[in-house]
Amino acid sequence: MNFYLKTFILVFFLTLIVYGAHFLLVENSAISLIKTYSFLGAATFITVSALKYVFGLVPDKLGFAFLALVFVKFGAVFLLFPELLNDEPKLSKVEILGFLGPYFIFLFIEATIVIKWLNKN
């Protein structure tokens, strides 16, 4: 099976599982869960796909590409989720952690894939 199709299916099902768990635990989220998980799932798929492309071209620069893509994704978070920066209405720590938890779960998935590829070299 094609790598990109496998990656898409994996990320899609992981997104659904984590979203389902989060949806059951949190009743009213200040930040839309659908928007959060749609962004994080799509960003993870794009990041892993781009890293696979870079790994095929220059495997020794994969770490630098990973750092650059994480930085771009972090910037996109602030563009797509301005409520994280706004003072009105002030988000509680639980609401902020409700976003950061999934963000770091998806970041961990990306990092695990990169570490696996780097260990092959």
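**The aromatic cluster**

Modeller: A cluster joined by ring pairs contains F39, F74, F78, F81, F99, Y103 and F104. Please keep in mind that this is a predicted model.

Colleague: How many aromatic pairs does the structure hold?

Modeller: The count is 13 aromatic pairs. One of them joins F74 and Y103, whose ring centres are 6.4 Å apart with planes at 65°, so this pair is edge-to-face.

Colleague: Why does that angle make the pair edge-to-face?

Modeller: Planes over 60 degrees apart count as edge-to-face, and the planes of F74 and Y103 are at 65°.

Colleague: Which helices do F74 and Y103 lie in?

Modeller: F74 belongs to helix α3, residues 62-80, and Y103 to helix α4, so their pairing ties together parts 29 residues apart in sequence.

Colleague: Is Y103 buried or exposed?

Modeller: Y103 is buried, as its relative accessible area is 4%. F74, in turn, is partly exposed at 40%.

Colleague: What about the rings of Y103 and F104?

Modeller: Their centres lie 5.6 Å apart and their planes are at 85°, so Y103 and F104 also form an edge-to-face pair. F104 has a relative accessibility of 47% and counts as partly exposed.

Colleague: Let me step back to the whole chain. How many helices and strands does the protein chain have?

Modeller: There are four helices and zero strands in the protein chain. In sequence order the pattern reads α-α-α-α.

Colleague: What does the C-alpha trace span along its principal axes?

Modeller: The span of the C-alpha trace is about 45 × 30 × 20 Å. Of the 121 residues in the protein chain, 29% are buried.

Colleague: What share of the contacts comes from residues 24 or more positions apart?

Modeller: Such residues account for 74% of the contacts in the protein chain that have a separation of 6 or more.

Colleague: Now the helix packing, please. How do α2 and α4 cross?

Modeller: Helix α2 covers residues 33-57 and helix α4 covers residues 93-120; their axes come within 10 Å and cross at roughly 15°. The two helices are therefore roughly parallel to each other, since angles under 35 degrees fall in that class. The crossing of α2 past α4 is right-handed.

Colleague: Which residues make the contact?

Modeller: On the α2 side they are T36, Y37, L40, G41, A43, T44, T47, V48, L51, K52 and F55, and on the α4 side F99, P102, Y103, F106, E110, I113, V114 and W117.

Colleague: Changing topic: where is T15, and what does T15 touch?

Modeller: T15 sits in helix α1, residues 3-25. Leaving aside residues up to four places away in sequence, T15 touches Y37, G41 and F106. With a relative accessibility of 12%, T15 counts as buried.

Colleague: How far apart are the C-alpha atoms of A42 and F12?

Modeller: Those C-alpha atoms are separated by 8.7 Å, while A42 and F12 are 30 residues apart along the chain.

Definitions and conventions: Residues numbered from 1 in each chain as written. Predicted model: local features only at pLDDT ≥ 70, side-chain atom pairs only at ≥ 80, totals over all residues. Heavy atoms only, no water. Axes fitted to C-alpha atoms, helices over the stretch in contact; angles between N-to-C directions. Parallel < 35°, antiparallel > 145°, perpendicular 65-115°, else oblique. Left-handed = near helix turned anticlockwise from the far one by under 90°. Contact = heavy atoms within 4.5 Å. Phe/Tyr/Trp six-rings, centres within 6.5 Å; stacked < 30°, edge-to-face > 60°. Buried < 20%, exposed > 50% of the residue type's maximum accessible area, 1.4 Å probe, protein only.
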